[in-house]
Amino acid sequence: MAITKILNIKESKGRNPASHLENALQYIQNPDKIEECVLVGSINCLPDTAFEQMVETKNIFHKTGNRQGYHIIGTVK
């Protein structure tokens, strides 16, 4: 059975709004949790520069607050 979770990464209050996004990306790409980033994927950005690209896009479209992104988790049991 496949299980999918879609988590909303919310803005951080009182500091950099994108700090939760940055922390989530670091957690997602943690080499201790995944094998050589084989299970890490992205759409329209590169995993190594995803944070910078996402923040730049948010700034261009003036969407720096509220939802910062999504973390999609898929597992097979």
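Predicted model: local features only at pLDDT ≥ 70, side-chain atom pairs only at ≥ 80, totals over all residues.

Biologist: What is the phi of Asn-44, and where does Asn-44 lie?

Modeller: As a general idea, most residues other than glycine have a negative phi. Asn-44, although not a glycine, has a positive phi of about 65°, and its place is the loop between α1 and α2. Asn-66, again not a glycine, has a positive phi of about 60°; this residue sits in the loop between α2 and β2 and counts as exposed at 59% relative accessibility.

Biologist: How far apart in space are Lys-63 and Ile-9?

Modeller: Lys-63 and Ile-9 are 54 residues apart in sequence and 14 Å apart in space, C-alpha to C-alpha. Lys-63 is in the loop between α2 and β2 and is exposed, at 55% relative accessibility. By contrast in sequence spacing, Val-76 and Val-55 are 21 residues apart along the chain and 32 Å apart in space, C-alpha to C-alpha. Val-76 belongs to strand β2 and is exposed at 73% relative accessibility.

Biologist: Which residues form the largest nonpolar core?

Modeller: In soluble globular proteins, nonpolar side chains tend to be buried together. A nonpolar core is a set of buried Ala, Val, Leu, Ile, Met, Phe, Trp, Tyr and Cys residues joined through side-chain atoms within 4.5 Å. The largest one here has eight residues, namely Ile-9, Ala-18, Leu-21, Ala-24, Leu-25, Cys-45, Ala-50 and Phe-51. Helices α1 and α2 each supply at least two residues of this core, and the largest share, three residues, comes from α1. Across the whole protein, 23% of the 77 residues count as buried. In α1 the buried residues are Ser-19, Leu-21, Ala-24 and Leu-25, and what covers them includes β1, α2 and β2. Ile-9, leaving aside neighbours within four places in sequence, is in contact with residues including His-20, Leu-21, Ala-24 and Gln-68.

Biologist: Is Gln-68 buried or exposed, and which backbone oxygen lies 3.0 Å from a polar atom of its side chain?

Modeller: Gln-68, in strand β2, is buried, with a relative accessible area of 5%. The backbone oxygen of Thr-64 lies 3.0 Å from a polar atom of the Gln-68 side chain, and the backbone oxygen of Asn-66 lies 3.3 Å from a polar atom of that side chain. Not counting residues up to four places away in sequence, Gln-68 also touches others, among them Ile-9, Pro-17, Leu-21 and Met-54.

Biologist: What is the volume of the largest pocket, and which element gives the largest share of its lining?

Modeller: Rolling a probe the size of a water molecule over the atoms shows where empty space is left. A pocket is an open set of points on a 1 Å grid over the protein atoms alone, where a 1.4 Å probe fits, with protein on both sides within 12 Å along at least five of seven lines, and lining residues have an atom within 4 Å of a point. The largest pocket has a volume of about 1,100 Å³, a volume being the space filled by probe spheres set on points that are joined across faces, edges and corners. Of its 35 lining residues, the closest to the centre are Ile-28, Gly-41, Tyr-70, His-71 and Ile-72. The elements giving two or more residues to this lining are β1 (2-10), α1 (19-28), α2 (50-60) and β2 (67-76), and the largest share, nine residues, comes from β2.

Methods:
Residues numbered from 1 in each chain as written. Heavy atoms only, no water. Helix = DSSP H or I, 4+ residues; strand = E, 2+ residues; numbered from the N terminus. Buried < 20%, exposed > 50% of the residue type's maximum accessible area, 1.4 Å probe, protein only. Contact = heavy atoms within 4.5 Å. Polar contact = N/O pair within 3.5 Å; in protein donor to acceptor, adjacent residues only side chain to side chain.
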